[in-house]
Amino acid sequence: MLAAILGAVGFRLLGTRTGFGREFDIEAVLSGFFFNDKERSASNAFLVAISSTSFVVIGGLLVAMSLVQRRLDLALAAALTLGGSFVTTELLKKTLPARANVPDFLAHSYPSGHSTVALALGLSFILLSPRRVRTAAVVGATICAAAMGASLVLNAWHFPSDVGGGFCVATAWAAAAAQLVRRPAERGVPGILLAAAAVVVVAAALGAIHLRPGLSFDVHAHGRLFDAALGIVLVAAACCAAYAYAIAARSAAATRS
């Protein structure tokens with residue numbers, strides 16, 4: 001948890017207090033500035049549909065399945081991870097000083113709430129996954145969180161440092177919430193329910209595309225977009241892997257005692 005908190009502080013300082021960090025952030029979001037109004041409207045609606053529906057449907061499913069399995073500790077841990085990380089990002093956005101020399105909509109963008117939610121969902125899924133499928137859960141969580149983070153940078157919603165900060169906030173809350181868990185999960189969320197939740201999320205995204213046509217466009221990578229995307233993948237993977245390792249180590253220690 002301490003490492004995640006230090007990471008959140010570090011990403012903020014990197015993006016606002018260093019010349020390299022400031023230049024990297026600006027260059028990474030240049031692609032989004034070249035979208036026309038129709039493309040921007042469609043892509044924004046798409047991202048909102050994906051993030052909000054995932055938070056409600058998948059987050060609710062994870063908590064509900066824990067309650068069905070009579071694992072109140074897992075349900076509380078998942079709820080605390082999701083709720084605590086979301087509230088924290090919103091508070092930080094309102095309290096941290098505005099970034100200077102950036103567009104107004106990016107002045108109070110740290111940390112990224114959408115990135116926080118995406119990784120918080122992934123980490124909750126890892127926590128609720130039995131040991132035999134935890135590696136697959138780590139891979140899935142990494143892909144989903146990294147895809148959301150990279151999309152936010154592509155659309156110029158957030159700087160790369162905002163995404164990294166959001167990942168660290170989610171990891172800190174997940175690490176704290178994991179202390180509530182008495183023993184590892186014995187049963188995971190049934191695959192058919194996960195598939196149904198994924199269908200709902202995809203349907204919401206398709207509905208957003210239908211309501212805001214124009215999502216099909218050519219992407220011309222500007223500046224540091226590729227470097228930022230690679231960094232986002234690595235940070236997401238590190239957070240997920242470290243969290244899974246911490247859960248395994250804690251479970252082993254509990255078993256020995």
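Colleague: How are α1 and α2 oriented to each other?
Modeller: They are roughly perpendicular. This is a predicted model, and in it the axes of α1 (residues 2–17) and α2 (residues 19–28) cross at roughly 85° and come within 5 Å.

Colleague: Which residues make that contact?
Modeller: From α1, Leu14, Gly15, Thr16 and Arg17; from α2, Gly19, Gly21, Arg22 and Asp25.

Colleague: And how do the residues of the contact divide into nonpolar, polar and charged?
Modeller: The contact of α1 with α2 has 1 nonpolar, 4 polar and 3 charged residues.

Colleague: Back to Asp25. What does it form a salt bridge with?
Modeller: Arg99, with the closest N and O atoms 3.0 Å apart. Asp25 sits in helix α2 and Arg99 in the loop between α5 and α6, so the pair ties together parts that are 74 residues apart in sequence.

Colleague: Is Asp25 buried or exposed?
Modeller: Buried, at 2% relative accessible area. Arg99 also counts as buried, at 10% relative accessibility.

Colleague: How many salt bridges does the structure hold?
Modeller: It holds 8. One of them joins Glu90 and Lys93, where the closest N and O atoms are 4.0 Å apart.

Colleague: Where are Glu90 and Lys93?
Modeller: Both are in helix α5, 3 residues apart, which means that about one helical turn separates them. Glu90 is partly exposed, with a relative accessible area of 25%, while Lys93 is buried at 18%.

Colleague: What about Asp227, which side chain does it meet in a salt bridge?
Modeller: Arg224, at 3.2 Å from N to O. Asp227 counts as partly exposed at 36% relative accessibility, and Arg224 as partly exposed at 30%.

Colleague: Which residues do salt bridges that share partners join into one network?
Modeller: Arg71, Asp73, Arg182, Arg183 and Glu186.

Colleague: Changing topic. How many residues are in the largest nonpolar core?
Modeller: There are 57. Leu119, Ile126, Leu127, Val153, Phe167 and Tyr243 have the most contacts inside this core.

Colleague: Which elements give two or more residues to this core?
Modeller: α2, α4 (37–68), α5 (72–95), α6 (104–107), α7 (113–127), α8 (134–154), α9 (160–177) and α11 (225–256).

Colleague: Take Phe167. Leaving aside neighbours within four places in sequence, what is it in contact with?
Modeller: Phe167 is in contact with Ser115, Leu119, Ala145, Ala146, Ile232, Val235, Ala236 and Cys239. Leu119 is, like Phe167, listed among the residues with the most contacts inside the core.

Technical notes: Residues numbered from 1 in each chain as written. Predicted model: local features only at pLDDT ≥ 70, side-chain atom pairs only at ≥ 80, totals over all residues. Heavy atoms only, no water. Axes fitted to C-alpha atoms, helices over the stretch in contact; angles between N-to-C directions. Helix = DSSP H or I, 4+ residues; strand = E, 2+ residues; numbered from the N terminus. Parallel < 35°, antiparallel > 145°, perpendicular 65-115°, else oblique. Contact = heavy atoms within 4.5 Å. Nonpolar A, V, L, I, M, F, W, Y, C, P; charged D, E, K, R; others polar. Core = buried A, V, L, I, M, F, W, Y, C linked by side-chain atoms within 4.5 Å. Buried < 20%, exposed > 50% of the residue type's maximum accessible area, 1.4 Å probe, protein only.
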